[in-house]
Amino acid sequence: MTPTDDWIIPQEWSSYTAEQHATWDTLFARQAKLLPGRVAPAFLSGLEFLRLAKPGIPDFEELSERLMKATGWQVVAVPGLVPDDVFFDHLANRRFVAGNFIRRADQLDYLQEPDVFHDVFGHVPLLADPVFADYLQAYGIGGQRANGLGAIRNLARLYWYTVEFGLVQTADGLRIYGAGIASSHSESIFALEDPSPNRIGFDLQRIMRTLYRIDDFQQTYFVIDNFEALLETTLNTDFAPLYDALTSVEDIAVDQIEPGDRIIWRGTQSHAHAA
Ligand code: PHE
Ligand code: FE
């Protein structure tokens with residue numbers, strides 16, 4: 001990959017307005033209050049280590065300097081979603097791509113494209129955790145391979161149900177680790193406390209068959225035992241035969257319970273049915 005097609009742009013930190021910094025602060029304060037007792041302890045340690053409580057939108061250079069010390073990851077700015085091969089190349093090289101724009105003050109709860117709050121607040125704290133950091137890099141390398149095997153669709157579901165919407169079991173109960181949940185006030189409550197969604201034990205092949213929704217809260221969340229187990233299972237499994245096998249089985253619907261599912265909570269699906 002040449003330096004021109006990496007999609008990286010300058011963050012232009014000095015161009016953010018006071019109002020934009022204030023939007024970050026509002027979102028930050030709301031989640032910082034809500035997440036203790038709901039999010040994985042490693043997420044809170046990451047926030048602290050990276051000093052994300054410092055007011056204003058973080059400066060990626062400063063953030064990368066601290067992150068680099070913990071796990072060798074960097075945060076780089078991109079204009080929004082980037083092509084799959086570009087995304088995988090960055091992850092494989094321990095570069096996390098983040099949107100540099102922030103949602104408008106009247107869009108605190110809903111936006112279609114990941115902004116700097118989702119990308120940095122949601123994703124970056126766990127990149128300070130050595131095991132999770134290795135998982136995301138391994139995912140990038142796995143993505144490059146899946147690209148060649150025509151299996152992005154299946155692998156993308158693993159990202160969705162872990163990195164974006166994953167829950168983890170702890171001695172104190174279920175906790176959030178997915179960035180799509182941790183950066184959303186309403187889904188942080190829904191994912192853990194609402195009777196509506198299914199909560200099912202992590203199963204790699206099952207996840208790679210499962211559809212997901214991008215327009216509302218998830219109807220199923222998958223629960224890992226811990227980051228070590230997630231890393232170990234994904235790293236030690238050759239995905240190529242799984243991709244092959246998946247071409248001849250049906251996709252699983254967003255709310256479906258399958259024989260063999262390790263059911264932690266059988267959802268009522270009341271939220272989805274009411275919508
Ligand atoms: N083991 C996977 C493969 O064979 C790669 C991978 C590792 C994917 C970790 C995701 C996470 O392709
Ligand atoms: Fe994300």
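Buried means under 20% relative accessible area, exposed over 50% and partly exposed in between, with a 1.4 Å probe and protein chains only. This is a predicted model, in which local features need pLDDT of at least 70, side-chain atom pairs count only at pLDDT 80 or more, and totals for chains, interfaces and linings use all residues. Residues are numbered from 1 along each chain as its sequence is written, and side-chain values use heavy atoms, with hydrogens and water left out.

**View 1. Burial and surface of the protein chain.** Of its 275 residues, 51% count as buried. The chain exposes about 12,600 Å² (Shrake-Rupley method, 1.4 Å probe), and carbon and sulfur atoms supply 53% of that area.

**View 2. Dimensions and contacts of the protein chain.** The C-alpha atoms fill a box of roughly 55 × 45 × 35 Å along the principal axes. Contact means heavy atoms within 4.5 Å; among contacts between residues at least 6 apart in sequence, 70% join residues at least 24 apart.

View 3. Helices (H or I, at least four residues) and strands (E, at least two) are DSSP runs numbered from the N terminus; the chain has 13 helices and seven strands. Two strands pair if DSSP finds at least two bridges between them. S3 (residues 167–170) and S4 (residues 173–176) run antiparallel, joined by four bridges. Two residues lie between them in the hairpin, and Thr170 stands opposite Gly173 of S4.

**View 4. Strand S3 beside strand S6.** S6 (residues 220–224) runs parallel to S3, and two bridges join them. Leu167 has Val223 of S6 as its bridge partner.

Key. Chains lettered and ligands numbered in written order.
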